[in-house]
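I opened this notebook to record what I looked up about charged side chains. The sequence and structure come next.

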Amino acid sequence: MMRRRWSKDSETDSSSSLYPLRPDCANNAPDTKFKIKVGRTLSVRKWHAAFSQQGSLHITSVLSRIQRGGVHPAIRNEVWEFLLGCFDPDSTFDERDHIRNTRRMQYARWKEHCREMDSHVGSGKIITAPIITEDGVPIKDPLVLLEATSDQSTLQGGSTSSENGNGVDEAVDRLTDKQIIEWKLTLHQIGLDVLRTDRSMVFYEKKENLSKLWDILAVYAWIDKEVGYCQGMSDLCSPMIVLLNDEADAFWCFERLMRRLRGNFRCTQQSVGVENQLQHLASIIQVLDPKLHDHLETLGGGDYLFAFRMFMVLFRRELSFGDSLYLWEMMWALEYDPDMFSRYEETGPATDIAQGSKPRVKSTRQFGKYERANMKNGANGVDGPVPISVFLVASVLKNSQKLLQEARGLDDLIRILNNVNGNLDAKKACEAALKLHSKYLRKMQGKKS
């Protein structure tokens, strides 16, 4: 990916010019509200000035600036690696180089192992049809393969069903490893989702970028055997591909993001992974706006499933690409915990965040504003604090008067929310979420006393 030259003239650029859309899609995309603001947005100069000579990062000043105006796109890739816990702010330049090289080698080993199990990984091709039956029998010549290295999508196969009856090569042995079978069964679903992800962006007109996204999701699905791949992960991974040139670095940023969110994708026959957050949302609305909660229950929305997508992909579908990045980095800055890196290293990749350990840092100023409020009020439970995304969704619901005035059914509810989300302002939404959070903490403390 070519790096853009940044000048003083770009200080007021809109994200719509930073992440260009295809001309035929521009009119249908949400407007971008984020603009680089001098004195508020974390600039390249302020970012570089936040490092000591050895490389340790003064995270407090960085968080403060991000919470005021986001991150300058020229340094977004570097800043996100810290916000997501890829690196310890107290680490040196040399230590981070060592960690980065170690992780790149680890990703290369995982990718090679996946390639040995299925040769499409790393081939520049994207599978969009099943390559194996549920019984573990390989399907000869999958119906659709996209050549990521060519200028045009190509179809391969297609004659198999007529030549071989059911399209199965009976001469090959059945795969017996259940985990390999389950992984192979997800590969075509990853391909279908990749082809639908951010396709309005010029960036994904390059087929190698599509194949990079598919490879990362395929490798992640293998190493996280408990969760695997689920729809929505491509929306979360795509920004990492856009921002980070190196595929391994993009993978590790995605893996760190999934540490926060993988519980949303963990589903059983008894429950949906995101159910905990939906229950938190219901409790918050019931406490802060009982009239709205009762109205939603009357409409049949008391389970709050209408908010499912907002939690799963963090408003990616409701905001422009640039505004969703702006929202994410503000959320991460508000929730920032400087102990993230240490806890992630303790538990290993593709696992949940370890909760309940005693903070290692001395100053609470190194934590984000939202996290500090939770620490002050003892709101960090056994499963950790309620994510700020819950209060973001709550603020969207509470600030929509039309829900009470016009919604007469679930269809009305979804229509009104879609219109609200299309006009969402990331900074105002975060400010509203913080106010709701403070109000909720006060009310809960009042109930205890």
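The entries below concern salt bridges in this predicted model.

Entry 1. I began with the total. With a side-chain nitrogen of Lys or Arg required to lie within 4 Å of a carboxyl oxygen of Asp or Glu, the count comes to 27 salt bridges. I noted the general principle that side chains of opposite charge can pair when their charged atoms come close.

Entry 2. I then examined R100, whose side chain forms a salt bridge with that of E81 at 2.9 Å, N to O. R100 belongs to helix α5 (residues 93–117) and E81 to helix α4 (residues 76–83), so the pair, 19 residues apart, links distant parts of the chain. E81 has a relative accessible area of 7% and is therefore buried, the limit being under 20%.

Entry 3. Which residue forms a salt bridge with R103? I found that the partner is E345, with the closest N and O atoms 3.4 Å apart. E345 lies in helix α15 (residues 340–347) and R103 in helix α5, 242 residues apart. I recorded R103 as buried, at 9% relative accessible area, whereas E345 is partly exposed at 43%.

Entry 4. I turned to helix α10 (residues 247–265), which holds both R259 and E255. Their side chains meet in a salt bridge at 2.6 Å, N to O. The two residues are 4 apart, about one turn of the helix. Are they buried or exposed? R259 is buried, with 3% relative accessible area, and E255 is buried at 0%.

Entry 5. Finally, I looked for shared partners. Salt bridges of this kind join E81, R100, R104, D246 and D249 into one network.

Note on methods. Residues numbered from 1 in each chain as written. Predicted model: local features only at pLDDT ≥ 70, side-chain atom pairs only at ≥ 80, totals over all residues. Heavy atoms only, no water. Buried < 20%, exposed > 50% of the residue type's maximum accessible area, 1.4 Å probe, protein only.
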